[in-house]
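Dear colleague,

Please find below the structure that I am handing over to you. My findings follow directly after it.

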Amino acid sequence: MIEVKETPIEELLDRVISNLPSNKKYQLVSITKKIKEVNTLHFFEGAKALNKDRIFWTSTAEQYDVVGIGNAYEIHAKENRFEITENKWNELLANAKIFNPYQVAGTGVVALGGMAFDPKKEQTHLWEKFSPSQFTIPAFILTKNNNNYYFTINTYVTKDDHPRQLATEIEHQESLLFRNMEQPSDHLTINEKIEVKPDKWRETVRQAREAIRTNKAEKIVLAREMRLKFNKEANIASILQKLIDKHANSYIFAFEKGEDCFVGATPERLVKLNGEQLLSTCLAGTAPRGKTKEEDLKISQDLLKDEKNRQEHEFVVKMIKGALETYSTEIEIPNEPIVYPLKNLQHLYTPVTAILKDGYSIFDIVKQLHPTPALGGTPNKESMAFIRDHELLDRGWYGAPVGWLDSNQNSEFAVAIRSGLIQGNEASLFAGGGIVKDSNLEEEYEETTIKFKPMLSVLGD
Ligand SMILES: C=C(O[C@H]1C=CC=C(C(=O)O)[C@@H]1O)C(=O)O
Ligand SMILES: [Mg+2]
């Protein structure tokens with residue numbers, strides 16, 4: 001293996017500060033070093049000592065975790081959120097001094113964030129800490145990639161900064177971050193569990209089905225909310241640990257904003273970019289898991305043949321294919337879905353691969369893909385208008401893209417389902433289902449009940 005020589009942080013800061021052009025007030029500096037193995041969740045928990053917002057991301061199918069602490073920079077946007085975020089991101093990269101001898105995905109200047117499902121829907125008090133689109137470039141990033149560990153420091157410097165002083169300050173924060181690395185034991189129990197207006201939800205499903213039967217739309221996804229109260233304040237690291245232990249093939253994430261934290265374990269990849277290699281996923285159509293192997297197999301075979309679920313799925317495949325055609329080549333999509341088994345349920349699944357065309361970015365793809373008919377419906381305009389006018393809840397970041405991107409064109413976004421907003425000793429969970437012309441009200445209700453389980457089962461249920 002090639003040995004990489006790391007330059008001391010003080011020397012790098014000195015280099016940047018003394019070369020800062022006179023017309024430049026400040027400069028983003030990003031320094032990455034390799035570190036020994038650490039438990040990323042213990043680090044996440046220990047980072048509480050800094051009293052800064054934390055972000056956690058892992059893909060349980062791979063050896064890949066990113067933990068972000070605090071913020072060196074934040075990109076907020078509302079109108080034209082994709083264009084504005086992309087412009088600010090490019091501007092940031094063009095002006096950053098990046099010292100990263102490793103160039104491994106998820107190290108260096110990395111932005112992690114998410115957005116509201118529908119920025120046109122009025123934001124309620126529930127999601128007040130979460131903006132319509134927010135990407136954070138954390139001050140400190142711990143990256144685990146293929147069993148290698150990296151630590152990145154992102155900081156702004158000015159001409160007046162003293163390299164030694166700044167380095168000492170950073171080293172002090174670093175020592176605080178790595179000091180208290182223990183996993184708390186947590187005995188959370190649910191004291192109160194309220195399904196928010198289940199009968200009104202059924203009625204909205206009936207109205208959506210009616211709209212579909214009278215050709216106003218073909219598919220409309222409707223979600224509902226469950227409100228919980230716990231015996232004490234929930235510990236996010238402990239929730240994440242349980243989600244990781246239970247959910248293979250999922251993205252486990254947490255975005256903390258003060259007292260509130262959006263947490264989830266979603267199986268749904270929106271898009272992964274590895275250079276120009278693009279991966280996406282069509283995931284829609286649902287059945288429960290069986291209690292025995294035989295029952296499970298029977299359910300999955302029935303799911304594959306079930307016309308209603310196949311229709312739900314087909315809308316997603318068609319849309320993703322169409323959306324990718326402008327931006328990529330060599331699109332490959334199997335003709336038939338397979339069954340994707342999860343802990344609590346199984347889905348119809350079709351993988352998509354393609355090559356991103358030159359001149360396009362992750363922002364073009366996410367903008368084009370969100371919302372897929374797995375979360376919005378078909379056609380997009382009509383289904384979104386129906387959801388905006390009839391759905392009883394503020395989805396906030398539920399059902400929307402969450403993920404990360406780095407300065408080397410690596411990035412991954414998932415669709416934030418199987419998720420909840422934790423607020424101290426309370427929480428709101430969200431679950432939805434695709435309504436089509438043959439939907440049955442009770443079956444859709446049952447389907448959403450199972451979709452609450454991944455979160456409920458780690459919160460004390
Ligand atoms: C909207 C959700 O799931 C979507 C993803 C997979 C299967 C779905 C379904 O079969 O209805 C939904 O479209 C949710 O989990 O809240
Ligand atoms: Mg469904």
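Glutamate 268 is buried, because 24 other C-beta atoms lie within 10 Å; a residue counts as buried if 20 or more other C-beta atoms lie within 10 Å of its own, as exposed if 12 or fewer do, and as partly exposed in between, with C-beta atoms placed from the backbone. This is a predicted model, in which local features need pLDDT of at least 70 and side-chain atom pairs count only at pLDDT 80 or more, while totals for chains, interfaces and linings use all residues. Residues are numbered from 1 along each chain as its sequence is written, and chains are lettered from A and ligands numbered from 1 in the order in which they are written.

Glutamate 268 sits in the loop between strand S13 (260-266) and strand S14 (269-274); strands (E, at least two residues) and helices (H or I, at least four) are DSSP runs, numbered from the N terminus. Leaving aside residues up to four places away in sequence, glutamate 268 touches Thr281, Leu283, Ala374, Ala414, Val415 and Ile417, where contact requires C-beta atoms, placed from the backbone, within 7 Å.

UniProt lists Glu268 together with Lys219 under "active site", in an unreviewed entry; its positions follow the numbering used here, feature names are shortened, and annotations may be inferred rather than shown by experiment. Lysine 219 belongs to strand S11 (residues 219-230) and is likewise classed as buried, because it has 26 C-beta neighbours inside 10 Å. Among the residues it touches, not counting those up to four places away in sequence, are Glu312, Phe315, Gly434 and Val436.

Ligand 1 has 18 residues around it, of which Thr286, Ile417, Gly432, Gly433 and Gly434 come nearest; a residue is near a molecule if its C-beta atom, placed from the backbone, lies within 6 Å of it. At least two residues of this shell come from each of S11, strand S15 (277-288) and strand S23 (426-435). The shell comprises eight nonpolar, six polar and four charged residues; Ala, Val, Leu, Ile, Met, Phe, Trp, Tyr, Cys and Pro count as nonpolar, Asp, Glu, Lys and Arg as charged, and the others, Gly among them, as polar.

The unreviewed UniProt entry annotates residues 199-451 as "domain: Chorismate-utilising enzyme C-terminal". This span is 35% helix and 37% strand, and its end C-alpha atoms lie 18 Å apart.

In the protein chain, buried residues make up 47% of the 461 residues.

Yours sincerely

Conventions
Two residues are in contact if their C-beta atoms, placed from the backbone, lie within 7 Å.
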